[in-house]
Amino acid sequence: MFARPATFVLGCAKIEQLPDPDLPEVAFAGRSNVGKSSLINALVGMKGLARASNEPGRTREVNFFELDGKLRLVDLPGYGWARASRGEVKLFQNLGRDYLRGRVTLKRVYLLIDSRHGLKAVDTEALDALDLAAVSYQIVLTQADTLKKGEGERMIEATLKAVSRRPAAYPEVALTSSETGLGMPGLRLAIVSATGVEP
């Protein structure tokens with residue numbers, strides 16, 4: 001399934017614009033500069049599918065990508081920093097929260113965390129929102145190619161410990177690199193397992 005071309009479906013600026021909930025979905029969330037677009041592109045093996053930007057906070061819509069007519073990948077607006085007014089930031093971050101609360105076909109959220117820095121205070125609000133929405137989520141550590149030997153394993157252990165008491169947290173942490181492809185096969189399997197889609 002991940003070997004077949006993925007397609008951009010649409011970007012939604014309002015909750016009313018969301019596509020019909022007729023396919024299982026997994027969503028990707030994280031700080032504005034954590035590399036969501038790069039991870040989505042690496043997952044599907046297409047460099048230009050999700051637009052990566054050097055400007056954090058560029059994703060201000062809920063963007064939908066479709067895989068083989070069986071599954072949707074959803075890129076949520078980043079949080080933590082964006083070159084926008086406070087009102088604009090609140091608007092597009094609330095859109096992401098509305099999506100989390102009301103999407104019946106959402107099977108899991110993958111919360112991306114920079115493996116060089118681990119969970120930060122700014123991530124706590126996202127964790128709280130996911131727990132409140134009772135949406136199953138898994139932590140995905142990104143940029144693992146920049147770590148020294150053994151640091152990845154230590155970061156996995158620290159992250160698992162930090163979320164161990166959170167009710168909606170999936171009890172596994174993925175270590176990935178969009179640059180080298182590290183962890184991508186395992187993440188693809190996790191998505192297939194979470195959605196129940198036949199690959």
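User: Is Phe64 buried or exposed, and what is its relative accessible area?

Analyst: This is a predicted model, and the accessibility of Phe64 is computed from it. Buried means under 20% relative accessible area, so Phe64 counts as buried, its relative accessible area being 0%.

User: Which residue forms an aromatic pair with Phe64, and what is the geometry?

Analyst: The ring of Phe64 pairs with that of Tyr99, at 6.1 Å centre to centre and with 80° between the planes. Planes over 60 degrees apart count as edge-to-face, so the pair that Phe64 forms with Tyr99 is edge-to-face.

User: Which parts of the chain does the pair of Phe64 and Tyr99 tie together, and how many residues apart are they in sequence?

Analyst: Tyr99 counts as buried, at 1% relative accessibility. Phe64 belongs to strand E3 (residues 62–67), whereas Tyr99 belongs to helix H2 (residues 86–102), so the pair links a strand with a helix across a separation in sequence of 35 residues.

User: What is the bridge partner of Phe64 in E4?

Analyst: E3 and strand E4 (residues 71–75) run antiparallel and are joined by five bridges. Within E4, the residue that partners Phe64 is Val74.

User: In what order do the strands of the open sheet lie?

Analyst: The sheet has seven strands with mixed pairing. Its edge strands, each pairing on one side only, are strand E1 (6–12) and strand E7 (169–175), and the twist from one strand to the next averages 25°. The order is E1-E3-E4-E2-E5-E6-E7.

Technical notes
Residues are numbered from 1 along each chain as its sequence is written. This is a predicted model: local features need pLDDT of at least 70, side-chain atom pairs count only at pLDDT 80 or more; totals for chains, interfaces and linings use all residues. Side-chain values use heavy atoms; hydrogens and water are left out. Rings of Phe, Tyr and Trp (its six-membered ring) pair if their centres lie within 6.5 Å; planes under 30 degrees apart count as stacked, over 60 as edge-to-face and the rest as tilted. Helices (H or I, at least four residues) and strands (E, at least two) are DSSP runs, numbered from the N terminus. Buried means under 20% relative accessible area, exposed over 50%, partly exposed in between (1.4 Å probe, protein chains only). Two strands pair if DSSP finds at least two bridges between them. Axes are lines fitted to C-alpha atoms, for helices over the stretch in contact, and angles run from 0 to 180 degrees between N-to-C directions.
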